[in-house]
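Here is a short briefing for a first look. Have the sequence and the 3D view ready.

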Amino acid sequence: MTAILTILTEGFADWETAPLNAAAHSFYKVETSYATPGGKQVISSGNMSVTPQLALEAVDVADYDAIIVCGGTIWQSPEAPDMAPLLTDAKRQGKLIGLICDGTVAGARAGLLDGIRHTSNGDGYLDFTGYHGKALYRDTPAAVTDGRVVTAGGTSPVSFMAAVMDGLGLADENLDFYVGMHAAQFAKAA
């Protein structure tokens, strides 16, 4: 069975990974799990309370097919957990890594974005991290996939969901329908 682990932190952006985890779990029977620093309950930016299955510190990357880092304001603060060991291990094991919104900050700090095409919340957004991948930044509203890493800005949860599902080999006509359903709101009225 395919398994996705999503890393959540206090103040996480609840809309960013909800489409991915909902579609994966409900329609594709993917095992979805959540980890937080210390395994503590966290409250999202929208005041949603989540009790995780495990502590971030207890994650065994080998148990998952994909590691997802959800955005949230903590990634720009001194309280941000150091994701470098976990993300480096996931990369070494060939796991799919998904970074959305400020989750890309965690990836940049871990050196994950230095040699791959990627996106985030805008050109220059990651500069403060000291990363060395600016020349490979793509200023696009859609998710960017390079190898086994998917990045997206915080306004692209559906594109992110589709890219992660594709990276897991789960893209099909049902996923196309789901993406089209969300895109319908942007169609011009007749």
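Contact here means heavy atoms within 4.5 Å. This is a predicted model: local features need pLDDT of at least 70, side-chain atom pairs count only at pLDDT 80 or more, and totals for chains, interfaces and linings use all residues. Residues are numbered from 1 along each chain as its sequence is written, and side-chain values use heavy atoms, with hydrogens and water left out.

**Helix H2**
- Helices (H or I, at least four residues) and strands (E, at least two) are DSSP runs, numbered from the N terminus.
- Leu86, Leu87 and Ala90 are buried in helix H2, residues 84–92 (buried is under 20% relative accessible area, exposed over 50%, partly exposed in between; 1.4 Å probe, protein chains only).
- These buried residues fall within an arc of 95 degrees seen down the axis of H2, so they line one face of the helix (the arc is that of the directions from the helix axis to the C-beta atoms).
- Their cover includes strand E6 (66–69), strand E7 (96–100) and helix H3 (103–109).
- Exposed Pro85, Lys91 and Arg92 sit on the face turned away from the buried side of H2.

**A buried loop residue**
- Ser156 lies in the loop between strand E9 (149–152) and helix H4 (157–167).
- Ser156 counts as buried because its relative accessibility is 5%.
- Neighbours within four places in sequence aside, Ser156 contacts Ile100, Pro141 and Ala142.

- Most residues other than glycine have a negative phi.
- Lys29 has a positive phi of about 55 degrees, and is exposed at 55% relative accessibility.
- Asn47 has a positive phi near 75 degrees, and is exposed at 64%.
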